[in-house]
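This report describes one protein chain for a reader who has not seen it before. Please look over the sequence and the structure first.

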Amino acid sequence: TVVDEVRRATAAHGGSLTVLTPGEALPDAASVRSHDLVLLVASRAHTRGSGAARQVPPPALAEQPPHPNDPLVAAATDGALVATGGVADFSPDMFVRVRAAGTTVVVAGAATGLLYGLHDVVRLGETAFGDCDIDVTDLPVAPVRMLDHWDNIDVHPVMGQVERGYAGGSIFYADGRVREDLSRVAAYARLLGSIGVNAVAINNVNVHRTEARLLTDGLDDVARVADVFRPHGVRTYLSVSFASPVVLGGLPTSDPADPDVQAWWAAAADRVYATIPDFGGFVVKADSEGQPGPFAYGRDHADGANLLARALRPHGGTVFWRAFVYNHEQDWRDRRTDRARAAYDHFAPLDGRFDENVVLQVKYGPIDFQTREPVSPVLAAMPRTRLAVELQVTQEYTGQQNHVCYLGPLWSQVLGFPLAEDATRDVARIVSGLPGHRDTPSGDLPAGGITAVSNVGDDEFWTGHPLAQANLYAYGRLAWNPEADSVALLDEWIGLTFPGADPRVRETLHTLMDDSWLTYEAYTAPLGVGFMVDPGRQHYGPNVDGYEYSKWGTYHFADRDGIGVDRTVATGTRYTGQYPSPWRETYEDLATCPDELLLFFHHVPYSHVLHSGTTVIQHIYDSRADAVDVVTSWVDAWAALDGLVPDRLHARVAERLTEQVRSATEWRDQLRSYFFRKSGVPDATGRPIY
Ligand code: GCU
């Protein structure tokens, strides 16, 4: 329970926890030792005035505790300390941490806020018990901070058990069902609670036959998982198949307009909530890459999403409906179809048609989790729809957890991107429903959230590459506060992961990780063009033309004269027109298009001079060669930490770095040679080309 969690962590600090039931007398301040954590759960009425806070004993808990099974926790301290007059209102996840007169106090309005406040104390360590007086108010920006697991119960012949998983098998499933022993899940739940993640979808968005049954026959097992997540403030979600009425219910159709189909979903939701009262809802991939959806019945995505939403609504559940919809059977000869346009073309016209308990889940870029993409224009185009942005913690296109690639800086850039015409509305504000998103026809539209694909498996180090844990950590912390500095978060992770380590550990990890995303970008596909990955190796390693003549819509169009995709309104696919000003003009014009996205938006000759002053071809040559030099230097830097970090961890990272150097070298040599052969332009530096 939350109380146990609080008690354990307080004890870890050598303190004790005072828990009062509502109405009980306040403890004598003199009896509270400096390392004791004293917790107060305050209701709105209680905190309205500082004077009142002094006299009124803790009232009954906040009117609506987020999880009905949570115990009522109330504690109090010397009235003087809780005179936090600045706190006008408590949202459920919010807490105030006060340090005054030798006591640390966490004030929260609900059990989850209390939990987060406590984790904050643990994260700070001694600092939270330091000398200076502080008064910190913290609350998450996004109300839903979700991780999606692409886990299958069965081991898929091509994808393995975890689709795009690089950390072993699933922590949830073994031997064809939910694991008997969920202790690993419990540790994970605690970890997620500590970084503020509050929602988890436990099965793959590609819902295969066995996994579809989690919704029906598997419910008791799902309930066991939900029980493990609940005490840590995490709600459980399921990915469901749109074809469930047919596949599971034996109905002849899954048509959203069919009353039997509607009744089937309503009954399914009733059963779910009878088993798991605080179930979060459904995640749905429909009409995407072969998954069933409403198109088969001549219906659109709003019809499809609302069908499920109406079944969940009486129970307070939410549908996370994915916007990752495009033609995956494209003819590469067809130059008019542009995959980047697809999500906007499908969804923007539906703005305003989704029920209030539908959240449209939009990948951060218009293609597919590439190392560099522009931010999806869908996020600016649907002011009357609840939106969530989807990130990818699992490193499908960023080195598959063989490569060091710290993604915090990428996510900071996405979340802080001033996408809307009103520049105060960055992506984080759009999806979090902060002021700015609410000035819409349905002014009281609730927020959407931030979601991401998890990178965790049953691997000894959780994430395959031990340093990939930093990505999970940064994701949770950025979903809580998108304005946090991503390198500072990395530093926080280092401190928590290697407590008391030799200072060289911190220094070296910063050397390896701070700019590792940019380094990875520098040896892989250049200037935003994307892909060039090997289809035969599940997107790992280079293959410049691997997707060039395929059905997937991800082309670079390199020929002897130039490279890139013309997505301009003037001469190309008109994709730039999907952006609001000023971005449509910025991207449309070669003179203002940023270098790192040049080939995403334009087809240019190899001799085109970048803003950086070098030509496209020389940039391709130089950055690939320089990046491999950087990665190579990491090997020795890491070797010097032998004995300063746990041996097994040291060995695992060393082994992965060897592979990263090999793979980066392969990228360098293939790309440099490929573009030399295409263009005939020599590398001005004379470095080897094959
Ligand atoms: C990528 C990934 C797939 C996944 C898909 C999705 O295309 O390669 O494995 O199913 O994204 O996000 O649905």
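## Terms and model

A residue is called buried if 20 or more other C-beta atoms lie within 10 Å of its own, exposed if 12 or fewer do, and partly exposed in between, with C-beta atoms placed from the backbone. The model is predicted: local features need pLDDT of at least 70, side-chain atom pairs count only at pLDDT 80 or more, and totals for chains, interfaces and linings use all residues. Residues are numbered from 1 along each chain as its sequence is written.

## The chain as a whole

The chain has 690 residues, of which 52% are buried. Its secondary structure comprises 22 helices and 19 strands; helices (H or I, at least four residues) and strands (E, at least two) are DSSP runs, numbered from the N terminus. Two residues are in contact if their C-beta atoms, placed from the backbone, lie within 7 Å. Of the contacts between residues at least 6 apart in sequence, 68% join residues at least 24 apart.

## Domains

The domain assignment lists domain 1 (2–138), domain 2 (145–497) and domain 3 (520–565 + 603–679); such bounds come from an automatic or database domain assignment. Between the C-alpha centres of domain 2 and domain 3 the distance is 29 Å. Contacts link 26 residues of domain 2 with 23 residues of domain 3. The domain 2 side of this pairing has nine nonpolar, twelve polar and five charged residues. Here Ala, Val, Leu, Ile, Met, Phe, Trp, Tyr, Cys and Pro count as nonpolar, Asp, Glu, Lys and Arg as charged, and the others, Gly among them, as polar.

An unreviewed UniProt entry annotates residues 463–687 as "domain: Glycosyl hydrolase family 67 C-terminal". UniProt positions are given in the numbering used here, feature names are shortened, and annotations may be inferred rather than shown by experiment. Residues 463–687 are 49% helix and 2% strand, with end C-alpha atoms 36 Å apart.

## Around the ligand

Glu163, Arg164, Val205, Asn206, Lys285, Glu289, Phe324, Asp368 and Glu396 surround the ligand, each having its C-beta atom, placed from the backbone, within 6 Å of it. By class, this shell holds two nonpolar, one polar and six charged residues.

## Helix H10

Ten of the twelve residues of H10 are buried, among them His301, Asn306 and Leu312. The elements that cover these buried residues include helix H9 (259–275), strand E13 (281–284), strand E14 (318–322), helix H11 (342–347) and strand E15 (358–363).

Leucine 512 belongs to helix H17 (residues 503–513) and counts as buried because it has 22 C-beta neighbours inside 10 Å. Leaving aside neighbours within four places in sequence, leucine 512 is in contact with Val404, Trp634, Ala637 and Trp638. Aspartate 534 is 22 residues from leucine 512 in sequence and 26 Å away in space, C-alpha to C-alpha.

The loop between helix H18 (516–523) and E18 holds leucine 527, which has a positive phi of about 50 degrees although it is not a glycine. Leucine 527 is buried, because 26 C-beta neighbours lie inside 10 Å. Glutamine 538, in the loop between H18 and E18, has a positive phi near 50 degrees. Glutamine 538 is partly exposed, because it has 16 other C-beta atoms within 10 Å.

Proline 582 sits in the loop between strand E18 (562–563) and helix H19 (583–588). The peptide bond from serine 581 to proline 582 is cis, with omega near 5 degrees.
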